[in-house]
Amino acid sequence: MLEREHAGDDFFVRTARAETAPRHYDAHPAEQELLALAGGDIPNDRRSELHAHLATCEECHMRWKRIHAYLQKEAVALDQRSVAPSLASTIRKRSALESRELPWWRALWQPRAIVTVASAAAVVALTLGFGIPALQNSSQRTAEHIAALSSEIQILRNQVQWSGMISNGAIVPRITEELLNRYDWDDSITYRVEPGDTWQSIAEAELGDESLWPLVWFMNRDVGAAGDEIPVGTDLLIPSDVQD
Amino acid sequence: MISSILRDERLAFWDRLIRGERIEQAEFDGLISRLAHDASDDERAGTVLLFAVAQYREKMRPSSRWRLQAALWYWFSQTGTLDRPARFTPSRLRGAGLADLAGLHLTWPEVMKAQGKNPNDYSPLKRIEKDLMALVEEQWIALFGKQPPSRQQTSS
């Protein structure tokens, strides 16, 4: 229950009504001026003069309300149109897509599968090409070949494991929302690659966190695969600091 | 014709006060000198109340000025034909001018909510109306040499 509301016979309300009583005007503000007023792009003195007119000219007051309603509708529509997916959500979608089961003929062309198959083929080739003849030689040569084989297999295993880092989700889940929010992923700056740079070193130097390297690579994935050497002189996009 | 021009000038001042802007006393000089001797009571009331509000604003601490702005929002929202958006939210009053308030017919709790205050607290409005009424009477007598005619109607 409201304690008290004015019934219209109050001095203050009555005076306000008398001051704003409708009157006839010979001239009215142009549409452009009303639009400028709605946009706040008008000197204060003129703004108050226009409000004085709008408050007492019923016709212009209706125009003003229509312009306001239209601009608000447009602002809402613009907001809805300009909502671009964030980099983080793009990565999540990409990660989800990559984790889906693929047909075997397409799965064969996935980088991880290629490395796996290649490593298996290499093992077989090395075994057939070098391993069997080695057995026919001295025990010393056999031992050397076995050591070489082990080394090759280890390198290939490492490559298989490393190539899966992006898509198998081993690293991406470590990147938290808090970490992402430190940077403006839509406002990027340019970084020119120097000799010896790696994705990790760039993430460490520019973002202060080595673990963000997959995102830096993702922003610049056109440059090449995550495992490739980054060409010196390439301009990379780096997210800017939110506090800049 | 002159009264319409003077009213437009007063309304421009009201718009500035509604937005919380300061008005120098010297800016009012033209209004007083041009106010006709046979001006209607409504014109006189509009002029005297405008002076009183501007003067009262200067007396208030900056942290208390929201009360005056709330009262102005409330009084001037009662003007015009009722016309408010279906989804009206009090937060939209921020930066509102005279023409934005016209037709909204706000309740005092809505105004208080827009100011981020306790909606059911009517004391700021009561206090301002009491103080302003005293200022209006004082200035009316100083300008026109008699009690304001609305005194009997506004007494409660």
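Neighbours within four places in sequence aside, Tyr74(B) is in contact with Leu106(B), Trp108(B), Val111(B) and Leu125(B), where contact is taken to be C-beta atoms, placed from the backbone, lying within 7 Å. This is a predicted model, in which local features need pLDDT of at least 70 and side-chain atom pairs count only at pLDDT 80 or more, while totals for chains, interfaces and linings use all residues. Residues are numbered from 1 along each chain as its sequence is written, and chains are lettered from A and ligands numbered from 1 in the order in which they are written.

Tyr74(B) is also, with Trp73(B), Phe76(B) and Leu98(B), one of the residues with the most contacts inside the largest nonpolar core, which has 47 residues. Apart from that core lies another, of 10 residues, including Ala203(A), Leu215(A), Val216(A) and Leu236(A). Such a core is a set of buried Ala, Val, Leu, Ile, Met, Phe, Trp, Tyr and Cys residues joined through C-beta atoms within 7 Å; a residue is buried if 20 or more other C-beta atoms lie within 10 Å of its own, exposed if 12 or fewer, and partly exposed in between.

## The loop residue His105(B)

His105(B) lies in the loop between α5 (98-101) and α6 (108-114) of chain B, helices being DSSP runs of H or I of at least four residues, numbered from the N terminus. Although His105(B) is not a glycine, its phi is positive, at about 50°, and with 17 C-beta neighbours inside 10 Å this residue counts as partly exposed.

## The side of chain A that touches chain B

In the model, 26 residues of chain A are in contact with 31 residues of chain B. On chain A, α1 (11-19), α3 (44-56) and α4 (58-81) each supply at least two residues of this side, and the largest share, 8 residues, comes from α1(A).

Within α1(A), Phe11(A), Phe12(A), Thr15(A), Ala16(A) and Glu19(A) are buried. Seen down the helix axis, the buried residues of α1(A) fall within an arc of 130°, so they line one face of the helix, the arc being that of the directions from the axis to the C-beta atoms.

## Confidence

The model scores ipTM 0.92 and pTM 0.58. For chain B the mean pLDDT, the predictor's confidence in each residue from 0 to 100, is 88, and 95% of its residues reach 70 or more. Over residues 152-156 of chain B the pLDDT is below 50. Where pLDDT is low, the predicted coordinates should not be read in detail.

Key. Contact = placed C-beta atoms within 7 Å.
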